[in-house]
Amino acid sequence: MPVATRLPCRPLLGLLLPLTMAQAMAQGIAEPLEILVEDAAEPFSRADGSGYANELVVAAYAAVGIDVKLGVVPYSRCKAMVLDGSVAACFNMAWEKALEGRVKLADEPLYKAHGVYFQHKARPLAARKESELGKPLRIGTVKDYEYADSALQARLRGAVFFPGRSEQVSLKRLAQGKLDAALVIGNDLQGSRYWAESAGVADQVELAFPSTPTLVYIGFSTSHPQGQWALDKFNQGYKLLRETGYIGQLRKKWVAQLSLH
């Protein structure tokens, strides 16, 4: 079952006039807007419902007077439910061809992700860059994640992707010798080594080389009755947050918080 999380909608730097309850009800939003979020994208979206991206999404809707309930689920479920129209929105998503016509991404990304390859310290890769990856390599990935085209080219050259539940699962499999490499989505808030430390294998695996950075968004279902409305409201709220400097302040808060750990 998804973990329902309600993040507090604190006043955002004295900006904005929120919608009144009457306005919200007139638009058919008497209840909080339900949005799904993945549960294993530290520090952007955590299993307990906290995270930089979670706060940003909730704040964007709060800026236009909309209360949000986050359902915290595995990413594969989040993605599947927005694709089939069971839920209005899901994050954290990156663009891929399979989304065309079924999911619309917000005007601006939530953050930039940095794909990196890890290798086993005792069994380093012969390849020194992504374009050299191919058969017969076994590469760990996360189930249903969207990866950069440059990474997908490795699969066309014969590399086999082994999807797992999380980045930690891939790195543990790499440490156990079950994989030749792990493609991990890092970020500039924590750095890419976080995942190896979180998986408890930092003494066995190491960074090899980067993949192509990707932009990560909140995605909205084109078939859900609230999908387009939720997209429009998010874009409006995000623009207000940017104009008031909230996004920069939120980022600084998380950088400071993570530096303490």
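Biologist: How are E146 and K79 to be classed, buried or exposed?

Modeller: Both E146 and K79 are buried, a class that means under 20% relative accessible area, against over 50% for exposed and partly exposed in between (1.4 Å probe, protein chains only). K79 has 7% relative accessibility, and therefore counts as buried. The model is predicted, so local features need pLDDT of at least 70 and side-chain atom pairs count only at pLDDT 80 or more, while totals for chains, interfaces and linings use all residues. Residues are numbered from 1 along each chain as its sequence is written, and side-chain values use heavy atoms, with hydrogens and water left out.

Biologist: What makes the contact of E146 with K79 a salt bridge?

Modeller: The closest N and O atoms of E146 and K79 are 3.1 Å apart, and the term asks for a side-chain nitrogen of Lys or Arg within 4 Å of a carboxyl oxygen of Asp or Glu. E146 lies in the loop between β7 (138-142) and α4 (149-156) and K79 in helix α3, so the pair ties together parts that are 67 residues apart in sequence.

Biologist: Which residues are joined with K79 into one network?

Modeller: Salt bridges that share partners join K79 with E96 and E146, the bridge between E96 and K79 having an N to O distance of 2.6 Å.

Biologist: Why is E96 called partly exposed?

Modeller: Its relative accessible area is 22%, so E96 is partly exposed.

Biologist: How do you know whether α2 and α8 are roughly parallel or antiparallel?

Modeller: Helix α2 (residues 52-62) and helix α8 (residues 246-259) pack at an angle of about 155°, and they are therefore roughly antiparallel, since angles over 145 degrees count as such, under 35 as roughly parallel, 65 to 115 as roughly perpendicular and the rest as oblique.

Technical notes
Axes fitted to C-alpha atoms, helices over the stretch in contact; angles between N-to-C directions. Helix = DSSP H or I, 4+ residues; strand = E, 2+ residues; numbered from the N terminus.
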